[in-house]
Amino acid sequence: MPKNRLVSHFSHSKSPSHPVFETTKMGSIRRISCSYDGEYGDGIYRSNSLPTLHTAASAVVASVTGGSVRRKYRNSVLSTKCCESTKLCWWEPDPDYPSSTVDFCLDTSLHGMKYICQPQRHLTERIFWLFGFIIAIFAAGWLITDLWLKYLSTPLVVTFQPFETTVDQIPFPAITTCNMNKVLRSKAEKYIATAQGNNTDMETLEARKNVYYLDHVCKSSQSFSKRFNFSLNHGSVDPEILKMIHIGDGDDEQRDVVTFLRTASQQCSEMLLKCMWNDEVVNCNELFKPIETDFGECCVFNMAPPTLLFKHLNDSRDDQKEIDEWSEWQAEENGFLIKETDSHDKPVRTFPRRQIKAGKTYGLSILLNPDLDEYFCTSSDSVGFRLAPHLPIDVPHVMDLGIAIKPNTEVFLGIKPEITLADPDIKDFKLEKRNCYFQGEKELAYYKYYTVSNCIEECIANITYSNCGCVRYNMPRDDTRDLCGPGKFECVEGAKKSALQAGAKSVCNYCLPPCTELEYFSEVSYTDIPRDANIWVDGDNSTAKWAKNQVSIVHIFFVQDSTYARVRKELYGWVDLIANTGGILGLCMGFSTLSVIELIYFYSFRAWCRIRRRQSFWTIAAMKLHRMWKRAKIRSIKQNNMGRRMFGANNNSTREEILRNDPFIAIPVEFNSKLIFGRGLPSRMSQHVD
């Protein structure tokens, strides 16, 4: 057998009632174990300290009960000497004063805690597990902090709905179409000719006012070439004629630029020659309505009536039936979707108009007449049309966002809708976190519907009014605000330019997007119409009157039958946050809900039970004095009987009496001429150990 490991067995008898000893040697360390009637005791000592073996004792009792081992620890003078000589223990709890913290550390489900508080653990082991537990706490804290910071900084996320939204639930976009020619040549020449007369009748005065507004409209149409001082005479009025006109701002409030545009521009009936909607031929006047935009007089399809769109405007051109049906559409509440009722008695909703199926056949098809012979002054250097798809409750921005339509072409304009909905749970977030408005959170002064476009338009109108004291004809207003005449054109353009250069989002920083949005994205393709083909000859071989006007055909339609709506929702709900936090704690420390219950139990219920069972102060003091007396008596016996045979025949009664009174006191014993150290031997074993 190797020298570094020696195992010896000592048996006093083969009977189960006799003790069996086992000694194991590991270098200079020797361990002696003893079993007796199912009970077990062991001792550890150094082989070079055999003469003082009794001073290297450790009072550990191990008892087997129901298959589980339960260790009891006791501090004593001998135990203290053991710690000093062997350096095997760092700290042991006092059984007379149990600690809730020690009990919690030994019995908790948290990883590594028991190794910190277990007695007879080396100091190095305890420090190792203590640092490991601290590192686990810091790791868990770092991961949880990162999780919560991500939640607090960006609490929202945009995802897709799991089901499709068909096009028959999505309102068709409003289509605003404008001729690039702002004033008909025939109208302009008539006004100029009449204004040059020497008469002072009403017709001449009206003509002079119209020439004044004509000059204003044409000069406000800044094309690319005019910005470089080219084509300045194109669409201009003779300065000599202007000298004959003396009109100041506010001279006639009833006669403004809007009225001039309605009479001098191309009418919708002249611009739109043929129309089809949902594969049916429809009168264009039933589909399109006139509207004043930043581009001039235009025609719009499927837009909310101005009387309903603006708070302080009653347009006599609006149909009351259309207003009533448009007002039933809860745009923001239903996510701009059109929800049909289950009632079969109620007719199918007409407004806002919807395409029943994707594709060109069921979309909007129109025939546009540019009327090139009537061009007088334009807002660009080309001819044709500008077309802008937009939300039905938005004001159109044709000047900046319009799509150009070339004469004598067939244009295919495919529309892709994009819907953004909002989870009601995000309404509890602060406005700066969700960065969007719910219905009713932001009211505009001049618009009944809130959109980003309407908000910015109102903001620019307020800036213009504060700088110039008036607003442009296409800006929102009430009766208290005057319309700016030609004399304020430079001021109006300067105010708008300064606001846009600073950034509309920064100047109008309160114009946040609505939480529920509907946007339209377009794809354009076109082909030329052959001029030599007689496509405008009917069955009677008669040619249409617009055949030589280089007309354009435009098809506007949804390109897909359905779309997946996006949803603004919480990045983490409370359940997700708790689950993720608990998962991190469980990964790093083994923490769970039961760990919290354990903590509450050990420091409340168990502590209360211990207090209820605790003996009185005088009883504990008496027990302490009794143990001190027994230790003093043992010390006296050792001093009087120093030698290898500490308990001889003359001292058997004393030894048996001590073991009987206190069976867990560690004493040195001798068996088979070998000096061993019995630890935890019951008093009934003393008769077998001589």
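Author: Histidine 234 sits in the loop that links helix 6 to helix 7 (239–243). The model is a predicted one. Histidine 234 has a relative accessible area of 38% and is therefore partly exposed, since that class covers values between 20% and 50%. Leaving out residues up to four places away in sequence, histidine 234 touches Lys226, Phe376, Cys377 and Thr378.

Helix 6 itself covers residues 202–220. Its axis and that of helix 5 (residues 185–195) come within 8 Å and cross at roughly 125°. The two helices are therefore oblique to each other, as the angle lies between the limits of 115 for roughly perpendicular and 145 for roughly antiparallel. The crossing of helix 5 past helix 6 is left-handed. On the helix 5 side the contact involves Ala188, Tyr191, Ile192, Thr194 and Ala195. These meet Glu203, Thr204, Ala207, Arg208, Asn210, Val211 and Leu214 of helix 6. By type, the residues of this contact are seven nonpolar, three polar and two charged.

Leu214 also belongs to the largest nonpolar core, which has 102 residues. Leu214, Phe260, Leu272, Phe288, Leu364, Ile393 and Ile556 are the members that touch the most others in that core. A separate core of 15 residues lies apart from the largest one and includes Cys105, Met113, Ile584 and Leu585.

Asparagine 408 is placed between strand 18 (403–405) and strand 19 (409–422). With a relative accessible area of 12%, asparagine 408 is buried, because the limit is under 20%. Beyond its neighbours within four places in sequence, asparagine 408 contacts Asp528, Ile529, Arg531, Gln550, Val551 and Ser552. Arginine 531 is 123 residues away along the chain, yet the two C-alpha atoms are separated by 8.0 Å.

For the protein as a whole, 70% of the contacts between residues at least 6 apart in sequence join residues at least 24 apart. Buried residues account for 46% of the 690 residues. The protein has 21 helices and 25 strands.

Key. Residues are numbered from 1 along each chain as its sequence is written. This is a predicted model: local features need pLDDT of at least 70, side-chain atom pairs count only at pLDDT 80 or more; totals for chains, interfaces and linings use all residues. Side-chain values use heavy atoms; hydrogens and water are left out. Axes are lines fitted to C-alpha atoms, for helices over the stretch in contact, and angles run from 0 to 180 degrees between N-to-C directions. Helices (H or I, at least four residues) and strands (E, at least two) are DSSP runs, numbered from the N terminus. Angles under 35 degrees count as roughly parallel, over 145 as roughly antiparallel, 65 to 115 as roughly perpendicular and the rest as oblique. A crossing is left-handed if the near helix is turned anticlockwise from the far one by less than a right angle, and right-handed if clockwise. Contact means heavy atoms within 4.5 Å. Ala, Val, Leu, Ile, Met, Phe, Trp, Tyr, Cys and Pro count as nonpolar, Asp, Glu, Lys and Arg as charged, and the others, Gly among them, as polar. A nonpolar core is a set of buried Ala, Val, Leu, Ile, Met, Phe, Trp, Tyr and Cys residues joined through side-chain atoms within 4.5 Å. Buried means under 20% relative accessible area, exposed over 50%, partly exposed in between (1.4 Å probe, protein chains only).
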